[in-house]
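Please keep the structure open as you read.

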Amino acid sequence: MDKLVIAEKPKVADRIAHSLSKDAEKKRSKRVNYYVLNKDGEKIVVSPAVGHLYTLKNKEAIKDYPYFDIDWVPTPKANSKMKYVYNYINKMKELSKDVDDFVIACDYDLEGEVIGYNALRFACNSSLESAKRMKFSSLTEEEVNEAWEDMGDPDINRIDAGILRHELDWIWGMNISTALSSSYQAFNEDGFAKLSSGRVQGPTLRFLVDREREIQDFDPTPYWELFAELENGLEAKYEDKIWDEEKADTIMESF
């Protein structure tokens, strides 16, 4: 095998394979579909992920905070309902054993960078030096082939940004949530309650609280509107709101 292409999802792997070659062969092993094809004299295999194959987990249970010891682990280790992900990890490991060159073909956004990089370094046990990056915004046959011809080096800055966002979300949310829960327990006789916050959740709640306070503190100012019923059955309205009651009375008396 000359190259292994890492796709983000099974349907994307299918589309990439059949865009690169009409004769792409679909294979199935361990409940995973993958594709083998020839492109410009090279034998290529396209292996799919199912989104994030790896996720963050605390190295041990938190006994106190702040806590910063986290690690990337296979997603099923953090969520037992996703044991099927092991099928995709193991198949990618198997297919990558005899491959020296890799192509990351995940979505061209920060999540795609994280998915592809983690699959490369953990499942394929390889480094960025051995990889190229396909960049496409749609899965049309034309764009997939253009992305194949124009492959470049992975962007370490985008990868670092994606990894950092995940790790910051985890560390921030984990520590702030633990602090909130502990504070509630310390000042509430009813006992423990699990409270949560995070990089997005916390600021969003602050916006809602500030807006609610504005609503509660709002002091309405009364105003008057004047209407007149005309003889022909029409209704006329004084064009402006009147903010002074005496002025409204004066206008009314003038008619």
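## H3 against H4

Helix H3 (residues 85-96) packs on H4 at an angle of about 65 degrees, and their axes are 10 Å apart. Axes here are lines fitted to C-alpha atoms, for helices over the stretch in contact, with angles running from 0 to 180 degrees between N-to-C directions. The helices (H or I, at least four residues) and strands (E, at least two) are DSSP runs, numbered from the N terminus.

The crossing of H3 and H4 is right-handed; a crossing has that hand if the near helix is turned clockwise from the far one by less than a right angle, and is left-handed if anticlockwise. From H3, the contact takes in Ile-89, Met-92, Lys-93 and Ser-96, while H4 brings Ala-119, Phe-122 and Ala-123. Contact means heavy atoms within 4.5 Å. By class, this contact has 5 nonpolar, 1 polar and 1 charged residues. Ala, Val, Leu, Ile, Met, Phe, Trp, Tyr, Cys and Pro count as nonpolar, Asp, Glu, Lys and Arg as charged, and the others, Gly among them, as polar.

## About the model

This is a predicted model, in which local features need pLDDT of at least 70 and side-chain atom pairs count only at pLDDT 80 or more, whereas totals for chains, interfaces and linings use all residues. Residues are numbered from 1 along each chain as its sequence is written, and side-chain values use heavy atoms, leaving out hydrogens and water.

## H4 against H6

H4 (residues 110-123) also packs on helix H6 (residues 156-186), at an angle of about 95 degrees and with the axes 8 Å apart. That makes H4 roughly perpendicular to H6, a label for angles of 65 to 115 degrees. Among the residues in contact are Tyr-117 and Arg-121 of H4, and Ile-159 and His-166 of H6. The contact of H4 with H6 divides into 6 nonpolar, 3 polar and 5 charged residues.

## H1 against H5

The axes of helix H1 (residues 10-20) and helix H5 (residues 141-149) come within 9 Å and cross at roughly 80 degrees. H1 and H5 are therefore roughly perpendicular to each other. Arg-15, Ile-16, Ser-19 and Leu-20 of H1 meet Glu-141, Val-144, Asn-145 and Trp-148 of H5.

## Two loops to look at

A cis peptide bond joins Tyr-65 and Pro-66, with omega at about 5 degrees. Pro-66 sits in the loop between strand S5 (54-58) and strand S6 (70-74).

Lys-30 is not a glycine, yet has a positive phi of about 55 degrees. Its place is in the loop between strand S2 (25-29) and strand S3 (32-39).

Terms used:
Angles under 35 degrees count as roughly parallel, over 145 as roughly antiparallel, 65 to 115 as roughly perpendicular and the rest as oblique.
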